[in-house]
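Here are a few notes to read alongside the structure, for anyone opening it for the first time.

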Amino acid sequence: MSVSPAFHDEIHAPNRLRILSLLRPLEGAEFTAVREALDLSDANLSKTIKTLAELQYVTTSKLATSERDRRRRTSVRITQLGAKTFDEHVAALRELVAGAELPS
């Protein structure tokens, strides 16, 4: 499938781009896995995921665990809109890089 390049300022912020990049090839990921993979604080990741959710680029869900303390695990998933936006943004970055190559 061909993707039309389009630069999306709202996902260009490093942590937003990193989260979407991590989630793009996955069905979803637990909050803790994303936090550890990207080495972000809980507060920073929560705020960034909230912003991406408000933009409708990710969804979150909470699942009960079987642990004694009844903790709930938060799962994060990229939406179709989020995947499309990410793919367009990456295509735009590739065009930018290709255009920046200096002649020999």
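Predicted model: local features only at pLDDT ≥ 70, side-chain atom pairs only at ≥ 80, totals over all residues.

1. Start with helix H2, residues 14-23, and helix H5, residues 80-100. Their axes lie 11 Å apart and the angle between them is about 115°. Angles of 65 to 115 degrees count as roughly perpendicular, so that is the label H2 and H5 get. As for handedness, H2 and H5 cross in a left-handed way.

2. Which residues make this contact? On the H2 side look for Leu-17, Leu-20 and Ser-21, and on the H5 side for Phe-86, His-89 and Leu-93. Sorted by type, the residues where H2 touches H5 come out as four nonpolar and two polar, with no charged ones.

3. Now turn to H2 and helix H3, the latter being residues 31-38. This pair packs at about 120°, with the axes 11 Å apart. H2 is therefore oblique to H3. The crossing of H2 and H3 is right-handed, whereas that of H2 and H5 is left-handed.

4. What does H2 use to meet H3? Arg-18, Ile-19, Leu-22 and Leu-23 come from H2, and they meet Val-34, Ala-37 and Leu-38 of H3. The contact of H2 with H3 has six nonpolar residues, one charged and no polar.

Definitions and conventions
Residues numbered from 1 in each chain as written. Heavy atoms only, no water. Axes fitted to C-alpha atoms, helices over the stretch in contact; angles between N-to-C directions. Helix = DSSP H or I, 4+ residues; strand = E, 2+ residues; numbered from the N terminus. Parallel < 35°, antiparallel > 145°, perpendicular 65-115°, else oblique. Left-handed = near helix turned anticlockwise from the far one by under 90°. Contact = heavy atoms within 4.5 Å. Nonpolar A, V, L, I, M, F, W, Y, C, P; charged D, E, K, R; others polar.
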